[in-house]
Amino acid sequence: AFAALGGSCVADASCVVTGSAKEPQALQLQESAAGACSLHAAAAEGENPQDGPEPPVQRGAIYCVPVLVPSCFVHRATDCQDFSGLGPTHAAGLPADISSWAVLLSDECWDRLRDVPQDGRVAVTRKRVAHLENTKGPSHEDTLEMLACLGAVLQAMGKHSEAEPLLDRILKSREAALGASDPRTLTALGLRGSLLYAMGRHSEAEELLRRCLVQQEKVLGPFHPDTLASLGLLSRPLLATGKHLEALELLSRALQQREAQHGPDHPDTMASVNDLAACFERMGRHVSAVSLLRRLVEWRGRSLGHDHPDTLQGLFRLGVAMDALGQRETAEQCQRQAMERRMVILGISHPDTVQSLASFGDLLRKWGRHAEAEPLLRHVLESREAALGFDDQSTLAAADSLSTALSGVGAYEEAKHLLSRIADARAAALGEAHQLTLASLSALGAMMQERGRYAEAERIQRRVLRGRELSLGPKHPDTLESLSRLATLLQRMWLPEEATLRQEAALSAMEAVLGPTHPSTLACLNAMADLLRARGRLKEAVPHQWRALECRERTLGPRHPDTVDSLNSLASLMAAMGEHEEALPLQLQAMQSRESIFGQSHPATLQSTDALAVLLHMMGRLSEAEAHAASVCDRRREVLGPIHPDTLQSLDHRARLLRARGRYAEAEPFQQEALRELDALLGSEHPYTLAALDGLAVLWQAMGRHTAAEPLQRRALRGREEALGKHHPQTLASLNSLANLLRTAGLTAEAAELQRAALEARREALGPWHPDTLESLNNLVALAPAGGDRAAALPLQRQILERARLALGPRHPLTLQALSNLASLLQLHGHHAEADTYHSHALRMRCETLGSAHPHTLASLHSMAGVLRQAGKLSQAEKALREALLGREAALGPTHPHTLTSLCGLASLLWSMGKQEEAEALQRQALEGREAALGPAHPQTLASLSDLASLLRVAGKQQEAERLLRRALQGMEATLGRDHPHALTCASALALVLQELGELGEAELLQRSVLDARQSSLGLEHPDTLASMSNLAMLLQLRGLHDEAESLQRCAAEGLETALGASHPNTLVSRGALALLLERTGELGEAESLHRGVLRAREETLGERHPDTLTSLSNLAVLLHLAGRREEAEVLQQRALVGREEALGRSHPDTRQSFNNLMAQHRFLAGATLREPELEGSAWHGGWALECRSLCLRDVESAAVFAHIQRPSPVARAGDMSPWRPVAGLHGAAPSKAGAVADNEVATDALSIVQGVRCELRRHCRRLRRLENGEAVGL
């Protein structure tokens, strides 16, 4: 009989009911169940059941329930296929008076017999209704009971619109016949309210069920079983509308009363335990829920058996609750046990087994094990769709779960198609405003957001929010969840103001409705912290993140996944603030916790490992970072597949790490693969694809392939503008990257224009204190000297430093970078003492915060060496450079571009210290390293060629120098363009070599072309243009064009003084060169005035012992000697000799030059002959013959290889944290920044003097030979 009516053969507390206040006895229930079983068995065997005893039943009972039915009956019931052919009064031997049986069934009961065709059950029940209407009338109580049965069947099938008029009819009939207060009328009222709840009309359901409860309390009393049952029914819409506390009070009251009436082990008591556990789960109080569920499972195991379906259902729910507490191993054990026992007992196709598969698949999906979940959930969907059709709600729920798993394995198109079908089906069946329909739409919106289709996602999420606000109210938890989700989407779209307002509103409402420690509140709090971090308000984000972590630790425990999520987020936030030492233990703890909870290959564990690699990258521990990144990449490839978005992002991250380590050739295939696969999987407009495109462009820029990199960078910028909008942070990051690329390519005007646009946009979108805004301001300041606007650069850099200190703190990496950049600018402006102070402070702070081996610290050490060199502290500079070189070799590797930069800097320094052989060897080593690591056509390789050529030129190897310079110039013109600053500097250096080789015509053509190009691109007042003018003046002087030479030299000196200031080192170099020119043309008075002015300025700015100061002193001494003031000249020359011997050492060329000048002055004063014995005992006796060839009676004005000019790195790779380094024409690369007369250009002064006294040198050589032959020689 129960099978014929589609009744459940598995008892549940929810369907234990009686027709009167008196509870049926257990014996009666057992006899009813046994009789029904025998009846069905007899019918199946063809026997006439009328021959046997009729099973005892309660005539006219509202409902009865079999509690103890053998499992064989379950199988026989599911074997029934169709009851549509049964007659109205006699069905396969069933009793004729079956109409007196009224069996009401719960939703869960119907769910357990899904294998029985739905239409057959509906047909049987409709025929019973028709029969009763014909025989007893439409308003008879038996007819109404059968109508209620039909309504329950339709409701269980999800056909709410068909069930609603039936239940309305029952309610109205009973109100008319029995009155509104009759218990049967109130039962109908409860059924009507339950249907409204199932339809998602929670407010209407609450009204009816509350009315029902009030009447039952009056009529039946507050302790009547029906009244207590209504407490549970009313709690459902209350929970759905977010009235958790009221629902908790009702359910606690029901449990307390049932325990008092029936005892702790009664089925009704267990029903209340079940409902209260569900309430605790909804409220996020999982500890309380687990306690109740354990009690429920133990009772069912004792009463029904451990393999009873109800026991297994309770065990399954216990697993879900244990998962919510983060006890994944216990949860999986419970879930798997329930699923496997159901498969054994019921079979894989039984509805209960399918439900277990669905729930276990959902758990696996939630745990990130999408590959394991996908086949289970696909089986669930196929089973339910075959049995129930796709439009059934349980089928749609299975499809919803499968779509999420498909997204997890990267099958986005199938997932999107499935979600669209679900949304359409639910809208057709339930209406567009139903909560399940809105939930489907919300999932579809999340899918669109994940695929980067933000506009579609926004439209869907706004629709969901409006629907929930109308149906549930603005304060409902589901509505608030939609509000928070929309705010997160708006953050991605970079609508920060609206995002902040909505997230704050969601957080405030959740705290009021759910409480400050509810999981949803804490999730919203976490989202708020992420939003503040994205807006650059890092200090405001910290307390939110700490609060979320502390609450989750207190309520969920330290090992709960949500707690670990907060820990991971806090570590990322601390890293963004530059607090790397504090972030590292947090990130390690998060990774280890996830590893112990989920395993090493779980997506959450891999995400933490990837975050650890990023943090180690920030800390400069690149080898460790690369190892972790490689591990994540390999595991994601194994677990998720080679084309999963997470796997491809790992490829991109690994490529960036290899790029940071200077291993460009290894990074390129990873970067290209990531771009290619992301483009194919997600499309060219997806943010992940555009990020990979940007990464490849930056990599090619670092490899010196600017021509190939520029179109990629412009494509990334255009794609982000179209997909994200012009003011999105990622779009502005692309704009910033393009500006950096153009600056590196020498297109400073366009670069400055783009950088200004990026700065203004970031200032408007992010605010003036955001790190990205400060970065753009810093980049614009770096471009100011290149554009000749040095005066504006210095105050701007001070402003950046002050803003960074206020916004980020004094220890943040960006603050320390601003500090280092300010020091370099001060150095460029000639403020050496202040630059020394700032460089020392930056170095000390980086040592404290990052460690002495961090690349940023080593960059500060390298810059500090440049300051020491300019201060004339060459030994200290050498020590610092060697330390920086060793540190970079250890941290970055011997072939990293930064390491080779330090090698070039050390070579230049050693040359200036007179250690020519070691300097040349190091310079050749640097050239070979750059050729191997970067390729022969890379700008830094070509710069090394130029630097080595400059060394060789000064060493007298002009032929080799010319060959190298021509090769470098040809390469630079091919890769960078003829008018690139690096190419122009190289051309100027080649002109100097040609001068020394006597090719004055070609040299003049080169110098004039360089001057014209710089004047055209930079303007007449730019320091580089003025340096070219000075070089040309020197050349014209050699060619005898004194008037034009003097005019150009005066123009250069005056221009540099205006642009850089009267005390700037480059201005002093130019004034010294003008003094030498005037000295040669016989204008000794003005020349002396200039020499004294230069000497005085250098003594004030550099100190009396600085090599440049001593050079000015020696030059003034020579001038005074020529002017006949020989006693004063001798005193000055002796001071220069003693100073150089102390500062540079006896063997330094400058020291020996001062000695030679002093010796020549002594001989001139003596007016006597000088024989060899007079030189015996002199420290210079053995070297006299060798040094005589370079004797020219004067020092040159700052020769190229000895200049100590700080200037920005012209080929600084993107991401290099040391944008200022000494590049004196011999190390790093050819200069392109404003500001400094190039060393090889200054060498023109030396060349003009040397060539001008060639005759004097020949005479000295002849006198030397006579002296060596023992002849008397007059001076």
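Me: I would like to begin with helix α37, so how many of its residues are buried?

Reply: Helix α37 is mostly covered, for 16 of its 16 residues are buried, and the word buried here stands for a relative accessible area under 20%. Please keep in mind that this is a predicted model, so the values we discuss are computed from predicted coordinates. The helix runs through residues 813–828, and from its first C-alpha to its last it reaches 22 Å, close to the 22 Å expected at 1.5 Å a residue.

Me: What share of the residues of the chain counts as buried, and how many helices and strands does the chain have?

Reply: Of the 1275 residues in the chain, 60% count as buried, and the chain is made up of 56 helices along with two strands. When contacts between residues at least 6 apart in sequence are considered, 63% of them join residues at least 24 apart.

Me: Which residues of α10 are buried, and what do they pack against?

Reply: An α-helix has 3.6 residues a turn, so residues three or four places apart point the same way. In α10 the buried residues are H244, A247, L248, L250, L251, A254, L255, Q257 and R258, and these buried residues pack against α9 (225–240), α11 (267–283) and α21 (477–492).

Me: At what angle do helix α7 and helix α8 pack, and are they roughly parallel or antiparallel to each other?

Reply: The angle is taken between N-to-C directions, and an angle over 145 degrees counts as roughly antiparallel. Helix α7 (residues 183–198) packs with helix α8 (residues 202–219) at about 160 degrees, their axes being 8 Å apart, and α7 and α8 are therefore roughly antiparallel. The crossing in which α7 passes α8 is left-handed. Sorted by class, the contact of α7 with α8 has eight nonpolar, six polar and three charged residues.

Me: At what angle do the axes of helix α29 and helix α31 cross?

Reply: The axes of α29 (residues 645–660) and α31 (residues 687–702) come within 11 Å and cross at roughly 20 degrees, and α29 and α31 are therefore roughly parallel to each other. From α29, P645, Q649, D652, R656 and R659 meet Y688, A691, A692, G695, V698 and L699 of α31. The classes in this contact of α29 with α31 are six nonpolar, two polar and three charged residues.

Me: What is the relative accessible area of A630, and how far apart in space are A630 and A613?

Reply: A630, which sits in helix α28 (residues 622–639), has a relative accessible area of 12% and is therefore buried. A630 and A613 are 17 residues apart in sequence, while in space they are 9.4 Å apart, C-alpha to C-alpha.

Note on methods. Residues numbered from 1 in each chain as written. Predicted model: local features only at pLDDT ≥ 70, side-chain atom pairs only at ≥ 80, totals over all residues. Heavy atoms only, no water. Axes fitted to C-alpha atoms, helices over the stretch in contact; angles between N-to-C directions. Helix = DSSP H or I, 4+ residues; strand = E, 2+ residues; numbered from the N terminus. Parallel < 35°, antiparallel > 145°, perpendicular 65-115°, else oblique. Contact = heavy atoms within 4.5 Å. Nonpolar A, V, L, I, M, F, W, Y, C, P; charged D, E, K, R; others polar. Buried < 20%, exposed > 50% of the residue type's maximum accessible area, 1.4 Å probe, protein only. Left-handed = near helix turned anticlockwise from the far one by under 90°. Expected span 1.5 Å × (residues − 1).
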